[in-house]
Amino acid sequence: MSQVIETGKAFEFTPENVKKAKVFIAKYPKGRQQSAVMPLLDLAQRQNENWLSKEALEYVGKFLDVPYMRVLEVATFYTMYNLKPVGKYFLQLCRTTPCWLRGSDDLEAVCKNKLGISSGETTEDGMFSLLEVECLGACVNAPVVQINDDFYEDLNAENFEAVLDKLAKGEEAPKGPQIDRINSAPEGGPKTLLEKTGDA
Amino acid sequence: MPTLTVDGIEVTVEPGTTVLQACEEAGAEIPRFCYHERLSIAGNCRMCLVEMEKAPKLIASCAMPAGDGMVIHTNTQKVKEGREGAMEFLLINHPLDCPICDQGGECDLQDQSMAYGSGNSRYHEMKRAVAEKNMGPLIKTTMTRCIHCTRCVRFATEVAGVEDLGAINRGENMEIATYLEQALDSELSGNIIDLCPVGALTSKPYAFAARPWELSKTESIDALDAVGANIRVDSRGKEVMRILPRLHEDVNEEWLSDRSRFSYDGLKTQRLDTPYVRKDGKLQPASWSEAFEAIAAKLDGLDGAKIGAIAGDLVCTESMKALKDLMDLLGSPNIDCRQDGAALSAVRSGYLFNSTIAGIEAADALLIVGSNPRHEAALINARIRKRWKMGNFPIALVGEQRDLGYGHEYLGAGPATLADVASGKHSFAKTLKKAKRPMIIVGQGALSRSDGAAVLALAKKIADNFDLVSDDWNGFNVLHTAASRVGGLDLGLLPGEGGKSASDLLDGSLDVLFLLGADEIDTSKLGNSFVIYQGSHGDVGASVADVILPGAAYTEKDAIWVNTEGRPQLGRRAIFPPGDAREDWTILRALSEKLGKTLPYNTLAELRAAMIEAAPHFADIDVVTPAPWGDFGVEGATEDSAFVNPITDYYLTNPISRSSRIMAQCSAAFSKVKTEGTGTNG
């Protein structure tokens, strides 16, 4: 049983990514280039449709002159590295207490009913993958789902479905709170500090 | 020098010592799993908890540096409860399958849970199970038993220098695995079996073979390479069940190479257990007296110059001394212990590993010539790697380009490069010049060639030119591959006046040739020579013999072995030789009587007295007697050809290993060398 998937296709950084990788490596003292393994794995994952193949892992190992096993250790330790292909939209559904109290179960049901996927699965068309994760640190806007790099907040079954519909159609779905509020401000606008300062 | 109090006892320790070591110094026993004095500190098993005054919690003593004025308690109620807690957590996912576990009886977890555990469990949930891993033909895995001490990972990374072993996943899902399930390709892999404190990594060949308490343990010396590793031979009845390393700081520390550890099943197969005499062109079993009579008839009235003898790689010093004395009595100068034709002379400093193995740690530059120490002496290679890891140790290699397990500069392939270094033309010459304690290691690959003496002279020139030899340092080293070689040279098994050397002895010009365990030879030109083979295994030598005298293997006799440093060490008999086979020196003694040239010793003690007379340092067991710097090597022209390492297949270098199934499996799994098909293999 191996956790690593071989694609048979060679992996290589694009010239821009090589440049970026060199910047990451330059942040560490000479001879300590292996410290850059995490940003480089991230870079490789972004270039490789959001997952790391055997070739990508070994490329990073070679790039940093680090044994492959050391790279694999890091890649298997952190859940943010995907070791198998994921959909175009990678949904990370928070299920920690605040999100759960605010209805993350409903969002999970939407995925199950609408997309037909549970945690760790990918839709047949390769558009969506779902992963249940622990606290994403946006409890004030619970429940929250991270789609690729963006947070979609204050979700409920309806607006989450709307987001998914837009994405499925290839449209852009506005990120952030999906209800009437700015960032983490109160719903419907500010409630305090309404007067202008300096009057008194 | 911090001074601290442990259980009311004041101890002063070196700076950098851990609390755990300080506790041991004070006589307190600290349980541990992950801590190992030869590996880096991990601090992840939490078994070594002790109480430190003014600290809010128990501390992990292995990871805490000893500080001045610390007050440590190792036997309070709090410590007891802490250990019980740590043990309880370790046992949560550890299966209680001791009755079917090979580690049972020598298991750290078993012992320490008896001594420090609470004796019961509060855990009723399911235990996790982990898939077995493939780690090759030597290591059996039961990964469910693993407690994640990571000793094996640290050993492979730090000592063995193979970074294929690691811990994947995390938390409860953490597993020890090799990269993509590859077998662990290292000559030292067997040591992780010893290091594993539980039964997760056990010996595959020894699986379910014996329990530790039913084995007789004999402390002996390994003879399968020239390191002279200290071993413990575990035997039951007339069978060697396994071989383990013994601690010797100056030789093998506590490691053992895989060939030395796992060749033991070769002791049971292909054995010569009765004398044979060739009758009508076929070797037929015979009695001892028949065999001796056949030899006596052949030697009767024969001129000594028509007789020759070669001593092989696995021969003990006692039998070499007896052979040498017998040849002297027969009036033959034709004797040689260098079956590979190495151009070594009788000057002792010219064939020893003068720096000593432990001395490598004091060196500050190294030039390796015609050798792959990783295969020729894996434990010396581990020592070089240890030194290299300390830093500031430039290493250069002349010879075959190989992965040695440490960083090195590759200079070139042959004598020309060596000559460049010797004359100071090469850039590495500057490094040698600057170094205070430079070393050169000359392998048999550089010496076993027709221009070997000239190469040796070049190496000596480097030693002289770059001050490798001073009053308190000798950086000139010859790395041997055979356990018998230094002993043979010490005892003077070299051609006498007008005598022939090994290659000339094999050209068929002699009437009688005595092969004492000599198997790594070219027998194609023997012609009509009458060949007497004395040895333990039916290998190359025995197949061409006219008379076979069955001898004892290294586990079956009391013998002195001299390692490549020139350190005489005492091997002891673990089991008796099979069948009619006898200890080798007694065979030669009996034969000499039959020939009417009785050797002047009747007991082993008398023989050893004669050896000490010939080479006084044999009296100082386990002492390296420094050899005075002398003159050796013959300056002359060298050839252009590259150095070729003497070992092509690490796992099959001697008759015992070649008879071993385990070694054959290793060779198939790891060695890149492919043997040619015979035409019947598909």
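Colleague: Which residues form one aromatic cluster in chain A?

Modeller: In this predicted model, Phe11(A), Phe13(A), Tyr59(A) and Phe63(A) form one aromatic cluster, and a search of the whole structure finds 16 aromatic pairs over all chains.

Colleague: Why is the pair of Phe11(A) and Tyr59(A) called edge-to-face?

Modeller: The ring centres of Phe11(A) and Tyr59(A) are 5.5 Å apart, and a pair needs centres within 6.5 Å; their planes stand at 75°, and planes over 60 degrees apart count as edge-to-face, so the pair is edge-to-face.

Colleague: What makes you say that this pair ties together parts that are apart in sequence?

Modeller: Phe11(A) lies in the segment before helix 1 (15-26) of chain A, whereas Tyr59(A) lies in helix 3 (residues 54-64) of chain A, so the pair ties together parts that are 48 residues apart in sequence. Both Phe11(A) and Tyr59(A) are buried.

Colleague: What makes Arg170(B) a charge that lies over the face of Phe77(A)?

Modeller: Arg170(B) is at 5.1 Å from the ring centre of Phe77(A), where the distance has to be within 6 Å, and Arg170(B) is found to lie over the face of that ring. Arg170(B) also belongs, with Glu163(B) and Tyr179(B), to the three residues that supply 46% of the area that chain B buries against chain A, more than any other three residues.

Colleague: How do you know that Arg70(A) and Glu163(B) meet in a salt bridge?

Modeller: The side chains of Arg70(A) and Glu163(B) come to 2.5 Å, N to O, and the cut-off is within 4 Å, so this is a salt bridge. The count between chain B and chain A is one salt bridge, while chain B and chain A bury about 1300 Å² between them, 58% of it on carbon and sulfur atoms.

Colleague: Why is Ala642(B) counted as partly exposed?

Modeller: Ala642(B) has 38% relative accessibility, which falls between the limit of under 20% for buried and over 50% for exposed, so Ala642(B) counts as partly exposed. Ala642(B) lies in the loop between helix 19 (604-614) and helix 20 (655-658) of chain B, and, leaving aside neighbours within four places in sequence, Ala642(B) is in contact with Ala413(B), Gly414(B) and Arg449(B).

Notes
Residues numbered from 1 in each chain as written. Chains lettered and ligands numbered in written order. Predicted model: local features only at pLDDT ≥ 70, side-chain atom pairs only at ≥ 80, totals over all residues. Heavy atoms only, no water. Phe/Tyr/Trp six-rings, centres within 6.5 Å; stacked < 30°, edge-to-face > 60°. Helix = DSSP H or I, 4+ residues; strand = E, 2+ residues; numbered from the N terminus. Buried < 20%, exposed > 50% of the residue type's maximum accessible area, 1.4 Å probe, protein only. Lys NZ or Arg CZ within 6 Å of the ring centre and 35° of its normal. Contact = heavy atoms within 4.5 Å. Buried area = accessible area lost by both parts, 1.4 Å probe.
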